[in-house]
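Here are my notes on the pockets and on one strand. Please read them beside the model.

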Amino acid sequence: MPHCVVCAIASGQLEAHVVFENQHIVCFLDHMPINEGHVLLCPREHHADLTDLPDGLLAELMLAAKALANKLQGCLKCDGVSLLQNNGRFNELGHFHLHLFPRFQGDGFSWVSRGSRLASREALARVHDLLRNAGE
Ligand SMILES: [Zn+2]
């Protein structure tokens with residue numbers, strides 16, 4: 001495995017501002033936050049993407065996201081939080097992580113920088129059929 005920043009943090013080789021950790025997961029502040037309080041939630045074990053993450057770890061990470069969302073809202077008095085996860089070439093760290101960050105009215109963050117478009121009924125039906133017929 002090539003050098004992995006998250007593995008280095010998880011093993012204590014690299015310093016980070018850890019806000020929650022246990023035997024399986026480590027959650028620390030992103031050093032390039034979307035907003036102050038931006039947390040990365042990661043499994044300690046190296047898994048690249050959502051599709052290769054064991055179900056138990058995913059569940060544990062989502063429960064940590066819920067607990068940390070409550071803490072962010074309580075401590076930072078934000079208007080809400082956003083949860084984001086990238087895979088494949090969009091996973092900038094190469095190690096599975098959830099982004100959880102506080103949101104404030106008028107903070108300027110936009111999910112879809114190119115703008116979303118109204119889908120046609122045909123496009124919705126085509127993707128619907130692909131997904132419904134794909135099996136497990
Ligand atoms: Zn890693």
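1. The lining of the largest pocket is made up of 13 nonpolar, five polar and three charged residues. This is a predicted model, so treat every point below as a description of a prediction.

2. The space in that largest pocket comes to about 360 Å³. Its lining has 21 residues, and those closest to the pocket centre are Phe 28, Asp 30, His 31, Met 32 and Leu 40.

3. Which element gives the most to this lining? Helix 1 does, with three residues. Helix 1 spans 5–10; strand 2 (25–29) and strand 5 (98–103) also supply at least two residues each to the lining of the largest pocket.

4. The second largest pocket holds about 170 Å³ of space. Val 19, Leu 29, Gly 37, Val 39, Leu 68, Lys 71, Leu 72, Cys 75 and Leu 76 line it. By class, seven of these lining residues are nonpolar, one is polar and one is charged.

5. Helix 2, residues 55–76, has the largest share of the lining of the second largest pocket. That share is five residues.

6. Strand 5 pairs with two strands named here. With strand 3 (residues 39–43) the sense is antiparallel, over three bridges. Leu 41 has Leu 98 of strand 5 as its bridge partner.

7. With strand 4 (residues 80–84), strand 5 pairs in the antiparallel sense over five bridges. Here Ser 82 is bridged to Phe 101 of strand 5.

Technical notes:
Residues are numbered from 1 along each chain as its sequence is written. This is a predicted model: local features need pLDDT of at least 70, side-chain atom pairs count only at pLDDT 80 or more; totals for chains, interfaces and linings use all residues. Side-chain values use heavy atoms; hydrogens and water are left out. On a 1 Å grid over the protein atoms alone, a cavity is a set of points where a 1.4 Å probe fits but cannot get out, and a pocket is an open set with protein on both sides within 12 Å along at least five of seven lines; lining residues have an atom within 4 Å of a point. Grid points are joined across faces, edges and corners, and a volume is the space filled by probe spheres set on the points. Helices (H or I, at least four residues) and strands (E, at least two) are DSSP runs, numbered from the N terminus. Ala, Val, Leu, Ile, Met, Phe, Trp, Tyr, Cys and Pro count as nonpolar, Asp, Glu, Lys and Arg as charged, and the others, Gly among them, as polar. Two strands pair if DSSP finds at least two bridges between them.
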